[in-house]
Number of protein chains: 2
Amino acid sequence: MTTKQANPIRIGVVGYGNLGRGVENAVAKNPDMVVAGIYTRRDPAQLKPLFEGTPVFSMADLDSHADRIDVLVLCGGSKDDLPVQSLALAAKFCIVDSFDTHARIPEHFAAVDAAAQAGQTTALISAGWDPGMFSINRIMGEALLPDGATYTFWGKGLSQGHSDAIRRIPGVAGGVQYTIPVEAAVEAVRSGTRPALTTRQKHERHCYVVLAEGADAETVRQAIVTMPHYFDEYDTTVNFISAEELKEQHSAMPHGGFVIRSGNTTEQNKQVIEYRLQLDSNPEFTSSVLVAYARAVHRMKQCGMTGAKTVFDVAPGWLSPKSAEQLRKEAL
Amino acid sequence: MTTKQANPIRIGVVGYGNLGRGVENAVAKNPDMVVAGIYTRRDPAQLKPLFEGTPVFSMADLDSHADRIDVLVLCGGSKDDLPVQSLALAAKFCIVDSFDTHARIPEHFAAVDAAAQAGQTTALISAGWDPGMFSINRIMGEALLPDGATYTFWGKGLSQGHSDAIRRIPGVAGGVQYTIPVEAAVEAVRSGTRPALTTRQKHERHCYVVLAEGADAETVRQAIVTMPHYFDEYDTTVNFISAEELKEQHSAMPHGGFVIRSGNTTEQNKQVIEYRLQLDSNPEFTSSVLVAYARAVHRMKQCGMTGAKTVFDVAPGWLSPKSAEQLRKEAL
């Protein structure tokens, strides 16, 4: 852990799964921040933080801890936790969440904005890498090259949603799914020719499945590859493996992908902008993004910029611990 | 040219070389902007704009045109033009410049800031891709992965400075120089191992040279490859070609490069962020960036955010012609 500066930004971590552990880790790497507390719905005495000395509290304590915390990082899920927690907590705390149900972002924003406006807090929603870094690159690419096309590829990466879908199939004892961008499609996009690509042409899906005792492999394979929305529109390969191999070879959570904007500035001149992430750990990277945005939220609150915000509202300099002067000198 | 919206942002173009033409082109692709005028030190009657109907004025007219212009895009050089023009014009106009002498950015910022504060204008300096997009990716990479290393590679691209250096050598009738990133170095960086790389290991320099009549090829080659700062620290290859080949094969101005941040979120997990540009035309892309930042400058001025700014101060959403609501709905 790095040595802490004086008056560090005090981060509260709400929820302690993969994302919460990632936040504890990320804060440890930032000298201008400390974890003021992990807040859990479990029994705090049973929760073992990564670093000795990180305080653990019950969620019920949060209400009386407003003066101990500068920014809460919400580490719950988008389905059940954040729609409730983000607005409840934004009424009293500055928050960052990673709400990632794309279609419901406008309503989530409106609800959190009302709470944050009422409480005069700063509440940044939907941080992470997609939504998040990828979103920024989509809108900047479009702004820089208005005559162009934007492509997003995901992977190679473990998809939690698709892995869950596999595991719900009768006869499946365990399994994971990797989303793989099709290299030929990525190359076509990089060439700047703006190809029209079908879903099938952009990504493949690779499944590693452990069969339940007595289950028929071909029946399971068919159930997977024909599953509507999840697999039917893709070229899907299913590999059957042992429970041991699943545990040993497929416990990591790699992910990543590309946002590519290609466009023309004149008829003869193509320009290609590519943003790429290669992540050994999806949740650890997402947590690192949340923590950097917690710094920005703290600054925005200090400048009186309250209400709900997204990554689109955050100037790059606000993410850095360095002063604007130092950034201009060193990094411009 | 796209159909223009009502009340477009009125752009003044100061200087009409490659960059100025690029700005005229880029504005044509943005429906929320028009070129209010090109301002030249030459005889305006002799200057032929790309689009019929683009007004051309003398630089001397600028002083009386303050009410016709929302943002001036300065298209002069960093050595002689911008140090004088940016501060003179920021006193009266909102401006964007592409000042790219990295070491002198702090003093340029201070001088322009004083002028802009006095005139209550918004003046964004050092926009483009490096400084500019690459700078943003350097500071964001560092903020997201504090335990890491940042690498910038340039090319494949035509370097104006190195081409000029070649052309000053006795016996050289013409020539260009391409900077080429060494693929093995890029791959090593992408692997996340944070290699220590020497100047020689990162880039090669490829020269295409036309000899003057009677000049000795080996003498010229030696003069190039041993030139201090420009070539001596690099593996440089010199190819002698005809004047015709130089004109036909080497008149374009491609450029680009990579900013790669690799870091660890935990000991076992590496994360790699890569931003890449592949540009058929360096000046046309730079102009497109300047025009997007002109939009941001206009908005910042309307919000009362005056003084000197850099790309670090500009939230991504301000670059887009779309509303914050539309961006959240479509791109987050």
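**Exercises on sheet order and helix packing**

In this predicted model, Leu124(A) has Lys309(A) of E14(A) standing opposite.

**Exercise 1.** Determine how strand E6 of chain A is joined to E14(A).

*Solution.* Begin with the residue pair: Leu124(A) is opposite Lys309(A). Next, take the whole strand: E6 (residues 122-124) of chain A is linked to E14(A) by 3 bridges, and the two run parallel.

**Exercise 2.** State the strand order of the open sheet in chain A, and identify the strands at its edges.

*Solution.* The sheet contains 7 strands, in the order E3-E2-E1-E4-E5-E6-E14, with parallel pairing. Strand E3 (56-58) and strand E14 (307-309) of chain A each have a single partner strand, so one side of each lacks a neighbour in the sheet. On average, neighbouring strands are turned by 25° against each other, direction ignored.

**Exercise 3.** Describe how helices H1 and H10 of chain A are placed on the strands.

*Solution.* Helix H1 (residues 18-28) of chain A packs on the sheet and touches E1, E2 and E4 of chain A; its direction makes about 165° with that of E2(A). Helix H10 (residues 282-302) of chain A lies across E1, E2, E4, E5, E6 and E14 of chain A, at about 155° to E5(A).

**Exercise 4.** Classify the packing of H4(A) against H10(B) and characterise the contact.

*Solution.* The axes are 8 Å apart and the angle is about 110°. Angles of 65 to 115 degrees count as roughly perpendicular; H4(A) and H10(B) therefore fall in that class. Met140(A), Ala143(A) and Leu144(A) meet Phe285(B), Ser288(B), Val289(B), Ala292(B) and Tyr293(B).

Terms used:
Residues are numbered from 1 along each chain as its sequence is written. Chains are lettered from A and ligands numbered from 1 in the order in which they are written. This is a predicted model: local features need pLDDT of at least 70, side-chain atom pairs count only at pLDDT 80 or more; totals for chains, interfaces and linings use all residues. Side-chain values use heavy atoms; hydrogens and water are left out. Two strands pair if DSSP finds at least two bridges between them. Helices (H or I, at least four residues) and strands (E, at least two) are DSSP runs, numbered from the N terminus. Axes are lines fitted to C-alpha atoms, for helices over the stretch in contact, and angles run from 0 to 180 degrees between N-to-C directions. Contact means heavy atoms within 4.5 Å. Angles under 35 degrees count as roughly parallel, over 145 as roughly antiparallel, 65 to 115 as roughly perpendicular and the rest as oblique.
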